[in-house]
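The tour goes stop by stop.

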Amino acid sequence: STTFQTVIALAPGAYDPYHRVPSRLRIGYAGGRGGTEMQVEYSGQGRLTDVGTSHVDFLLRAPNVRDESVLGLRDEYRVEFVGESYRWEVGDASYDLSAMTVRQRYGRGAGGRLELGRWMLGGWRSRSIWVEPHFDDTAVYARYRHSERAEIGVNYLSRRLGLQGDVASLTARTRPLPSLAVDLEYARNLEGDGGSHRAYVARLKGTSGEIRYFVERVRGGKDFIGSHRHEVQTVASLSLPIFLDMRLNGIFREYEEGLDELADYISQCHEHVSSVGLKRDFPLGLRAAADWREVERRGQTGCTPYEYATRTIRLSLERPHARVSAWGFLETGVLDNRLEGTEYGATRYGFRVSCRVSARCRASGHFQSALPGSGDPTMRN
């Protein structure tokens, strides 16, 4: 006869038949505006099994005590499950679809995605929390990755509150060269035709040796119901090395929003920004820069029109560091109020300090001020 015996080694100590996820319970009080409220929070995160890559992350906090104290927190509810090929979330989160449909819309809902080989399928439904009027969105999408350098996708958005309607878009991302990335998206309303119901974005980013460049063009029609509605934007930047270890940096940006709408509640804006400057690194980790900047803005907010231009020179000094970084600047020039036909001197200065407290926490402080007599007295400095 033959006998088989299996020995199962157990860790010393009492046997625990349950899998446990680390969590915590917090009870707090908020007050100071005529009342006091208690708030309860239960949160945790950890693996779903003793082995494997599936994780859970959750937070349940109620009620909303934000109005009771400056330190009060709002109510928040979310549960997230993450694995190697899936991700599911329920509750409050930033729901994302694409650049021309919905980008990081914070709301309360549910969604998920699933990866099947080269395919990624997903969708979600949410309602905005802070935006007024609210947006009630349903989204589905599919992505196909042909290789590490090429991906195409299709997106669908159905919006039933706020700007109502349906939007579809096509996306394409490719790297024809290892140092060159191209992103394209074309979107349109499923109801209506013509350029006012369409939108697109074309983005190019690359390097050539020590030269870095970026170009972006965004256009959204006035009847388009996705992101960048009634906007036109062109951005270009170039950075290249020149003599004496210096870099020449140039930036151009032109932006338009709602210029052909005359309703009192519409914000209209045309902005033109151009900048050119030099930057150089010095010993002790110091980085100095000098920039010429010209800005033109015109439009109106509600019934109040504005049109002005600034021409300034900025000198800045920075010391970046993994733990503590510091940056300061001095900017001087003129501000031209074209509606009044007057010019003002504009001189301001400021500094910023950033400190990495831990791997998950960073603290920073910023100060900015203008010298007495600088700028239009009717404008905020």
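Begin with Tyr95 and Trp124. Tyr95 is buried, and Trp124 is buried too (buried: under 20% relative accessible area; exposed: over 50%; partly exposed: in between; 1.4 Å probe, protein chains only). This is a predicted model, where local features need pLDDT of at least 70 and side-chain atom pairs count only at pLDDT 80 or more, while totals for chains, interfaces and linings use all residues. Residues are numbered from 1 along each chain as its sequence is written, and side-chain values use heavy atoms, with hydrogens and water left out.

**Aromatic pairs**

How many aromatic pairs does a search of the whole structure find? It finds 7. Rings of Phe, Tyr and Trp (its six-membered ring) pair if their centres lie within 6.5 Å; planes under 30 degrees apart count as stacked, over 60 as edge-to-face and the rest as tilted. Tyr95 and Trp124 make a tilted pair, 5.4 Å centre to centre with 40° between the planes. Tyr95 lies in strand S5 (residues 86–95) and Trp124 in strand S7 (residues 119–128), so the pair ties together parts that are 29 residues apart in sequence. Strands (E, at least two residues) are DSSP runs, numbered from the N terminus.

Select Trp327 and Phe329 next. Their aromatic pair is stacked: 5.3 Å centre to centre, 25° between the planes. Trp327 is buried, and so is Phe329. The charged end of Arg314 sits over the ring of Phe329, 4.3 Å from its centre. Such a charge has NZ of Lys or CZ of Arg within 6 Å of the ring centre and within 35 degrees of the ring normal.

Now show Arg105 and Phe135. Here the charged end of Arg105 sits over the Phe135 ring, 4.3 Å from its centre. Then pick Tyr349, Phe351 and Phe367, which form one aromatic cluster.

Go back to strand S5 and select Asp92. Is Asp92 buried or exposed? Asp92 is buried, with a relative accessible area of 2%.

**Backbone stops**

Select Ala62 and Pro63. The peptide bond from Ala62 to Pro63 is cis, with omega near -5°. Pro63 is in the loop between strand S3 (55–62) and strand S4 (76–82).

Move to His228, in the loop between strand S13 (211–220) and S14. His228 has phi near 60°, a positive value in a residue other than glycine. His228 counts as partly exposed, at 29% relative accessibility.

Asp245 is the next stop, in the loop between S14 and S15. Phi of Asp245 is near 60°, again positive in a residue other than glycine. Asp245 is exposed, with a relative accessible area of 64%.

**The loop's leucine**

Finish with Leu244. Where is Leu244? Leu244 is in the loop between strand S14 (231–241) and strand S15 (246–257). At 60% relative accessibility, Leu244 counts as exposed.

Definitions and conventions:
Helices (H or I, at least four residues) and strands (E, at least two) are DSSP runs, numbered from the N terminus.
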